[in-house]
Amino acid sequence: MAACQTESEPLPILGQHEFTLQEDGSVDTSYYQIPSFGFWNQDSALITEKVSESKVYVADFFFTSCPTICPKMKRNMRSLYDSFEENDQVIFLSHSIDPKRDSVDKLHSYAESLEVSSKKWHFLTGEKSSLYNIAKAYMVSAAEDPKAPGGYIHDGAFILIDQQRRIRGYYDGTLKEDTELLKNDIKRLL
Amino acid sequence: MILRGFYSLALSLIVLSSCLNLKDNSGAASYQQHCAACHGVQGEGLGSYIPPLRDADYLKSNQNDLSCIIKYGMNAEIEVNGKLYSQPMGGITELDEAEITNIINYIRKEYLAQSENLRIEDIEEQLRNCD
C-alpha cells in the first residue's frame with residue numbers, strides 16, 4: 001500500500017493536480033490539498049484545518065464500537081503517538097464514521113482509555129455528511145453496512161499529510177511493518 | 001540388537017521432542033499472528049482500551065470461557081486487574097479447535113504461569129457450549 005521508492009527520493013505528492021500553462025511557457029502546478037473542515041474533538045473543541053497549520057499529520061477513520069480492525073489501528077497509531085509525543089510538529093486526526101453513537105463524551109472516554117492527550121491526538125465527530133465527505137477528500141472508503149461487524153465498513157489506512165495539507169502516503173494501519181514505514185516517512189517530512 | 005533398540009528409542013525421543021516443540025511454537029506463532037496486534041506481543045494490553053492477558057485475574061477466573069471468546073469475540077464490559085474494559089472484541093472464526101488449543105496453552109504457559117496443557121477435547125467441549 002505504501003509508496004515504493006528509495007530513501008533518497010522525496011515522498012510523492014498524491015492526488016489530482018492542476019497544471020496551468022503560464023505566458024512564459026512554464027507550467028504552474030497546483031497540488032491537490034485536503035479541503036477545509038470543521039469537527040468537534042473529544043474535549044468539545046472545534047477543530048478546523050488550522051490545527052494542522054505548518055504541521056505534519058496522520059489521519060484515519062474508525063468508530064469506537066468497531067470490533068475488528070480498529071483496535072489494531074489504534075495500537076499502531078498509539079505507537080506513532082509515543083514516537084512523536086515530544087514533537088509538536090506532528091499531530092493525529094482520527095475521524096469517527098459513526099457520529100450517531102460516537103458523541104463527544106464517547107470519544108472523550110475512548111481517548112482516555114488510550115491514555116493520549118487531546119493536544120496531539122484529536123478524535124473527531126460532527127455532521128455525518130461532512131465526515132463522509134472528508135473521507136472522500138482523503139480518498140478512502142467509509143460506508144454504513146448493516147452486514148459488517150459493528151455496522152460500518154471503512155478503510156484501515158493511515159494517511160500521511162504534509163505541512164501544506166497535501167497527501168504524501170497511504171499505509172495499512174493494521175500492520176506493524178507499515179506503521180514503522182510511516183514513522184520513518186513522517187521524519188522525512190519534518 | 002540392543003544398539004538398534006537404543007537408536008530406535010533415541011529417534012522416537014527426537015521425533016516426540018520435535019512434535020512438542022512444534023506444538024509450542026505453533027501456539028506462539030498463532031498468538032503473534034492473531035492476538036498480538038491488539039493484546040501486544042508480550043500480552044501487555046493497552047491502557048484501559050485493550051485488556052492485558054499477562055497475569056490477568058479475569059482469565060484465571062474465567063478459563064473455561066477463553067476458547068469461546070477467541071472464536072466468537074466479546075461485547076461486554078469486563079474488569080481485569082481492577083480496570084474496566086469495554087472495547088468490543090471481534091471473534092476469530094477462522095481458527096480451528098487445534099489452533100485455539102495451542103493459543104490457549106501458550107497464553108496459560110507464558111502469561112498465567114500454568115504449565116499443564118489443556119487437551120483439544122477440553123476445548124472442543126467448551127466450544128460446543130458457547131453462549
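This is a predicted model: local features need pLDDT of at least 70, side-chain atom pairs count only at pLDDT 80 or more; totals for chains, interfaces and linings use all residues.

Student: How many cavities does a search of the whole structure find, and what makes a space a cavity?

Tutor: The search finds 1 cavity of 30 Å³ or more. On a 1 Å grid over the protein atoms alone, a cavity is a set of points where a 1.4 Å probe fits but cannot get out. Residues are numbered from 1 along each chain as its sequence is written, chains are lettered from A and ligands numbered from 1 in the order in which they are written, and side-chain values use heavy atoms, without hydrogens and water.

Student: Which residues line the largest cavity?

Tutor: The lining consists of Leu59(B), Gln63(B), Leu66(B), Ile104(B), Arg108(B), Leu112(B) and Leu118(B); lining residues have an atom within 4 Å of a point. By class there are 5 nonpolar, 1 polar and 1 charged residues. Ala, Val, Leu, Ile, Met, Phe, Trp, Tyr, Cys and Pro count as nonpolar, Asp, Glu, Lys and Arg as charged, and the others, Gly among them, as polar.

Student: Why is a space called a pocket instead?

Tutor: A pocket is so called because it is an open set, with protein on both sides within 12 Å along at least five of seven lines. The largest pocket has a volume of about 790 Å³. Of its 41 lining residues, those closest to the centre are Pro67(A), His39(B), Met89(B), Gly90(B) and Gly91(B). The lining divides into 28 nonpolar, 11 polar and 2 charged residues.

Student: What is the composition of the lining of the second largest pocket by class?

Tutor: That lining has 5 nonpolar, 6 polar and 7 charged residues. The pocket holds about 400 Å³ of space, and Arg75(A), Asn76(A), Lys176(A), Ala36(B) and Ala37(B) are the nearest to its centre among 18 lining residues.

Student: How do you know that chain A and chain B are in contact, and what area is buried between them?

Tutor: Contact means heavy atoms within 4.5 Å, and 16 residues of chain A are in contact with 18 residues of chain B. The area buried between the chains is about 1200 Å², of which carbon and sulfur atoms give 56%. Buried area is the accessible area (1.4 Å probe) that two parts lose on being put together, summed over both. Pro71(A), Arg75(A) and Ser113(A) supply 46% of the area that chain A buries against chain B, more than any other three residues.

Note on methods
Grid points are joined across faces, edges and corners, and a volume is the space filled by probe spheres set on the points.
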